[in-house]
Amino acid sequence: MKNGLFIVLLLITLTSICDTFSQLCLKSSINSLNFSVGSSIVKIFKLVFKIIRIPRVWIGFSFSTLSVCIWLLVLSKADLNFAFSADSMHYIFIALASSIFLKEKVGFKRWVGTIFIVLGIVIISVS
């Protein structure tokens with residue numbers, strides 16, 4: 001494997017990990033709030049102010065920003081078609097992380113669907 005390809009794959013993996021961690025932080029933050037969405041603009045603003053005071057939200061935003069910065073570096077080194085296909089691993093990372101850390105149920109059909117999505121992206125990228 002060429003050194004450049006290894007670095008690109010490593011960076012794509014890193015961006016997927018950062019994105020997964022970001023999504024975990026954001027999801028666990030919103031789950032920690034006990035709220036009901038109302039039609040009042042005041043209720044919406046109260047919810048927004050509750051959300052922005054949660055440190056995990058800012059950690060999630062930080063990792064999302066880091067993911068975008070790494071992704072820009074990937075795009076400067078690789079073709080978009082290849083990079084986007086390789087980035088499909090984030091579907092697997094999200095499914096694994098949500099089942100492990102958030103205790104969400106990921107059933108057999110969802111795993112099969114996730115694998116088909118990843119395979120479909122790979123097949124399209126090499127054609």
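Helix H5 is followed by Lys-103, a residue whose phi is positive, near 60°. The model is a predicted one, in which local features need pLDDT of at least 70 and side-chain atom pairs count only at pLDDT 80 or more, while totals for chains, interfaces and linings use all residues. Residues are numbered from 1 along each chain as its sequence is written, and side-chain values use heavy atoms, with hydrogens and water left out.

H5 itself covers residues 89-101, and its 13 residues reach 18 Å from the first C-alpha to the last, close to the 18 Å expected at 1.5 Å a residue (the expected span being 1.5 Å times one less than the number of residues). Within H5, the residues His-90, Ala-95, Ala-97 and Ser-98 are buried, a term that stands for under 20% relative accessible area with a 1.4 Å probe and protein chains only.

Turning to another helix, Ser-67 has its place in H3, which runs over residues 55-77. Ser-67 is buried, with a relative accessible area of 9%, and, when residues up to four places away in sequence are not counted, Ser-67 touches Thr-15, Cys-18 and Asp-19 (contact meaning heavy atoms within 4.5 Å).

The axes of helix H1, residues 3-31, and H3 come within 8 Å and cross at roughly 160°, which makes H1 roughly antiparallel to H3, the word being used for angles over 145 degrees. By class, the contact of H1 with H3 has 17 nonpolar, 7 polar and 3 charged residues, where Ala, Val, Leu, Ile, Met, Phe, Trp, Tyr, Cys and Pro count as nonpolar, Asp, Glu, Lys and Arg as charged, and the others, Gly among them, as polar.

Terms used
Helices (H or I, at least four residues) and strands (E, at least two) are DSSP runs, numbered from the N terminus. Buried means under 20% relative accessible area, exposed over 50%, partly exposed in between (1.4 Å probe, protein chains only). Axes are lines fitted to C-alpha atoms, for helices over the stretch in contact, and angles run from 0 to 180 degrees between N-to-C directions. Angles under 35 degrees count as roughly parallel, over 145 as roughly antiparallel, 65 to 115 as roughly perpendicular and the rest as oblique.
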